[in-house]
Number of protein chains: 2
Amino acid sequence: MSKNAKKTAIRITRAEDFPAWYQEVIKEADMAENSGVRGCMVIKPWGYGIWERLQRRLDQRIRETGHENCYFPIFIPLELIEKEATHVEGFAKEMAVVTHHRLVEKDGKLEPAGKLESPLVIRPTSEAMIGESFARWIRSYRDLPVKINQWANVVRWEMRPRMFLRTSEFLWQEGHTAHATEAEARIETETMLEVYRQLAEEWLSIPVIPGEKSESERFPGAVETHTIEAIMQDGKALQAGTSHFLGQNFAKAANIKYQAKDGSEEFVYTTSWGVSTRMIGALIMTHGDDDGLRVPPTVAPHQIVILPIARDEETAGVVNPAAAELAKRLNAENVFGEAVRAHVDSRDINTGEKRWGWIKKGVPLIVELGPKDLEKGSVMVTRRTDIYAKAPEDTDVFVGAAPEHLEAIQRKLFDDAASLRDARLETGISDFAAFKEYFDTEDASKLGFVRAKWCGDASSEEQLKKLSVTIRCLPYDQDGKEGVCVITGKPATVDAIFAKAY
Amino acid sequence: MSKNAKKTAIRITRAEDFPAWYQEVIKEADMAENSGVRGCMVIKPWGYGIWERLQRRLDQRIRETGHENCYFPIFIPLELIEKEATHVEGFAKEMAVVTHHRLVEKDGKLEPAGKLESPLVIRPTSEAMIGESFARWIRSYRDLPVKINQWANVVRWEMRPRMFLRTSEFLWQEGHTAHATEAEARIETETMLEVYRQLAEEWLSIPVIPGEKSESERFPGAVETHTIEAIMQDGKALQAGTSHFLGQNFAKAANIKYQAKDGSEEFVYTTSWGVSTRMIGALIMTHGDDDGLRVPPTVAPHQIVILPIARDEETAGVVNPAAAELAKRLNAENVFGEAVRAHVDSRDINTGEKRWGWIKKGVPLIVELGPKDLEKGSVMVTRRTDIYAKAPEDTDVFVGAAPEHLEAIQRKLFDDAASLRDARLETGISDFAAFKEYFDTEDASKLGFVRAKWCGDASSEEQLKKLSVTIRCLPYDQDGKEGVCVITGKPATVDAIFAKAY
C-alpha cells in the first residue's frame, strides 16, 4: 500500500472535503444524528457523555466563582421580549412561537386548538425572563450582586442547520448577573470569559484567542461582547464562548433598580455569558483526524477501553475476569482530580472491529488483553494519538502509569492544536490586496487567521462581507503601535483578528 | 404565651389551611415563585439546589442499573405523535403547539410569522420521538437491550397550576428501554420502580407504597403502570414516580422490530419511567412543619449553616475567620458518601433574623459562633428537627459528630413521616357506607389511605369519582385472601389503596 493511499477509518478525509468529513466523524463515532424534526438532532450517549463531562467541569467553575443555579421558564411572553429593542430585533427572525395549547381531531387529522390570547416564544436566550425576575428580586444594594446560572435548552430557528454547530434547539448554560457598579459588572464579564478560556484550553485542549467583538458582531442589546475564538483544522474560526457586558440596557428595559446606600435609586448593571453544545463541534474540528474523533481524556466517557480477546468459551472464562479486574485496578487510579474511567468491551464481535470502533470514537487508550498477554503479564496498548504504534506494556507498570498516559495524551492534543493555530496565524499581511488574495484561496490548508491593524470604521466591515470574512475579535494582547488599517489603509492602532468563520 | 398561641415562622399553619401553608413555605424558604407565564414557575437556588442533589443521586442509580444518558428534540411532529392512538388521546388536551418560526412587527406590535408547514408539539413526554430513534437503531437481537435516559423539560398545559405539583413546564428524567423479551421488559419496569422507591425512602426520607395502577389510572398507551404513592400531611396521596411496561404498543406504532437469533422478525418490548420536580412538592408536604421546610440532609444545598456573631468589627475580625475555619473542618468530614456541606452566612443582618431564615429553609443544622463560644471552645447548635432545643456543644466533639447528627436527622425525618403514614393507613373499613363516611370528612387530620379489597370492576371506579377518591395502587404486598369489595360488595381477593390525591 503506497503512502498516499493509506486507508483511513473515515472514508472522507479532511483534505478531501472537510464539511463531509465532519458529518462522517459524528456518524462513525456515534455521537449524534439528525432527527425527524428539521434542524434538531438526537445527541447519542457518546456525544452526550462528552457534553456531561464538559458540563460538570464548567458547573464546578461557575459555582467556584460565586454563582448559583436556577431554572427559568422556557416560554417568554411577547410583551416581555419586546422591551429591549435591539435584543428583539436580533432574534425576531429565528423564534419558535407557541400559539395553541391543545390538539383536536378533525377529519381524522390532528390540528391545533385552544388559541392562546397572546403567543409565547420559546426562549432563544433568557435575558427577558431573567430581567423580569431581577426586577422583582432586587430592592436594595444589600441584594446585590445577584449571580445566577441556568443549564437549559434554547431554540433559535435555523434555516441551514449543522449538527452541534447550528441546530434549532441546542443545550447551553447561560449566566446572568446584576451589579451595583459598572466596574464590578465589567470584572464579572472578564472573569467569566477567563473561565471559558480555561475550559477550552485546559479542559478541552482547544487553544483560543480571547478578545472583544467589534460593534457589528455584538450580542443584540450588549454594550460589549467578549469572546474566545478557536481555529478549526480547515482554517475557519469558531466562536466557542461569549461573555457580554450589558451595561444598563436590560436594566432600563426591565426596570431593574436598587436603592443605593445614600438612598438614591439606581439602575443595576448586568452581564450574561454562555457556552453551548457548539463546543462539541469545536472539539471535533480541533481534534478529529482521518481516523475519527480524538477525545481529550478529561471529557472522554471512557478514558480506557479494555478488549478481552478470547476465541473460545474456555479462554473467555480466564480473560474476561482478568479484564474486569484490570478495569477495577485502573478505576482505583486518579487523574484530573477524578477516578480513572476504564470500560470493558466484551460484546460478541471481533476484536479488530471493536478496536476500530473505539478508535473512531476517539477513546484515549485502548488495551487488548488475550491469553498470551495474560501469561506474559502484559497488555497491548494503543494510544489514540498514535494508533499505529500499538505496543506491549507490563500490566503493573501500565496501571500505575495510566494517569500519566492520559495526561500526556491531553497535552499532545493541545500541542497539536496549538501548532496548527501558530502555523495558521498570519501576521505578515498589511495591505488589502494581499489580504484579499489570502482569503481568496480555495485551499483550506492555507487558510487561517489574519492578525492586522484595523481602523474601526463600520464601512470597512462591509468590505469584509464580500470576502465572507469577519472580524473575530480585537485580541486582548494589543501592542498599541501605530500602523495602517489592512482594509482601508487609514491610520490604525488596534489589532484585529480576521477570519472566515462557522 | 399560652401553648396554643405558640408563634410559628410560617404565618398559616398546616392545620389552618394546608394548601395556603404549602404556598407560604415555598415563598418563605425562597424555593420558587410564579413567573409572568401562566403555569410556569421560576425555580430559585434553594429549590433548584435540592433538585440538583436529588438528580445527582438518581442519575448515579440510573447509570448503575446500566442506562446511558442521551438527548432528544423538544419538538414532536404531529405525524409522529398521532401514531399511538391511546397515547395521543391522553395528552391532546394539554399540548403546547408551535405553529410559526419568527416574529414580525406590525403596527408597532410583534406577531407570529413564518408559518410552519406542519405544526410541532412540545414534548409532553418523549415516547414518540424515542420510538422513532429506536426504530432506526435496532436491527438485530445483538442491538438489544437499548437502555437510555434523558434529563429534560416537558410541557403539559395546566389549567390549574400549583408550584412543583402541577406546572405547565416541569423538569424530569425519562428512561426508555427496548428489550427482546417480555420477561426482560417486565424486570426492567420493576427494577426502576425499586430504584424510585429507594430514592424516595432512603434519599428523601419519604415513605411510599409501591404497587400497580388500576386500568383507568394507567399511562396513556401502557400495558401496566407501576407507581410509588406517598402520603402527604393532609392525608392526600401523591404519585411520586411511575414505571411503565408498554408491551409492544409503542413498538407496533413506531415499527420497532429486530431480527431474532432464529432469523425471524419480532417487535421489541418497551418500558418508560420518570420522576419529576413534583418530587420537591412531595418533599415539602412530607417534611415541612409550621416553621417552614425541613430538608433531608442528603439533598440540603447547605447541610450546616454557621452564623458568626459579632457586634463590632474587632470581634468580627476574630469570629469570622473562626467560622471559616470551622466550615473547612466540617467540609473535610464525609456523610452519605460525599463531603459535608457547611456554609458560613456572614451577611450583614441580625443573627435572629438569619437563624429564622435558615430554619424556614429547613437547613438540618444551624451553628452559632460568638466570641464567648470561642472562649469556651464550644458552638451553639440547633437541629432543624428540634428547633427549640438549641444547646452548646464542644467544638471538636461537634465536628467529629457532625456526620452522625446529619444521619440522625435523616432518620428522624423518615421516622416522623412513617409514623404519619402508619397512623393514616386505615385497614379496618370493609363496607361502602363506612368508606364514604371516612372520605366525607372535612377534617384533614382524619384523612388518609384506605386499604381494602376491590373487585376490579371499572364501574366501581365511577363510584369513587363522586367521592373524589381514586385507587392509588394495587400494592405489591397482597395477602391473596378472599373478601368483599369495599365499593360493590362483590367477592374480591385483590387489595387496593384508596385515597384522595394530588
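**Notebook: strands, fold and the A/B contact**

I started in chain B, where strand β7 (residues 146-155) and strand β8 (residues 169-179) run antiparallel and are joined by 10 bridges. For my own reference, strands are DSSP runs of E with at least two residues, helices are runs of H or I with at least four residues, and both are numbered from the N terminus. Two strands count as paired if DSSP finds at least two bridges between them. I picked one position to look at: N153(B) sits opposite L171(B) in β8(B).

Before going on, I noted the ground rules: this is a predicted model, local features need pLDDT of at least 70, side-chain atom pairs count only at pLDDT 80 or more, and totals for chains, interfaces and linings use all residues. Residues are numbered from 1 along each chain as its sequence is written, while chains are lettered from A and ligands numbered from 1 in the order in which they are written.

Next I checked confidence. Chain A averages a pLDDT of 95 (the predictor's confidence in each residue, from 0 to 100), and 99% of its residues score at least 70. The model has ipTM 0.96 and pTM 0.96.

Back to the sheet in chain B. I traced an open sheet of 11 strands with mixed pairing, in the order β3-β7-β8-β14-β11-β10-β9-β24-β27-β23-β22. β3 (68-69) and β22 (425-426) of chain B each have a single partner strand and stand at the edges, so one side of each lacks a neighbour in the sheet.

Then I looked at chain A as a whole. I get 14 helices and 27 strands. Its radius of gyration is 26 Å, close to the 23 Å from the globule rule for 502 residues, so chain A is as compact as a globular protein of that length. That radius is taken over C-alpha atoms, and the rule is 2.2 Å times the number of residues to the power 0.38. The C-alpha trace of chain A spans about 80 × 60 × 60 Å along its principal axes.

Last, the contact between the chains. Chain B gives 46 residues and chain A gives 46 residues, with contact meaning C-beta atoms, placed from the backbone, within 7 Å. On the chain B side, strand β5 (residues 97-106) supplies the largest share, seven residues. Which strand of chain A is joined to β5(B)? It is strand β5 (residues 97-106) of chain A, running antiparallel to β5(B) with three bridges. I noted one pair there: H100(A) has V97(B) as its bridge partner.

Key:
Contact = placed C-beta atoms within 7 Å.
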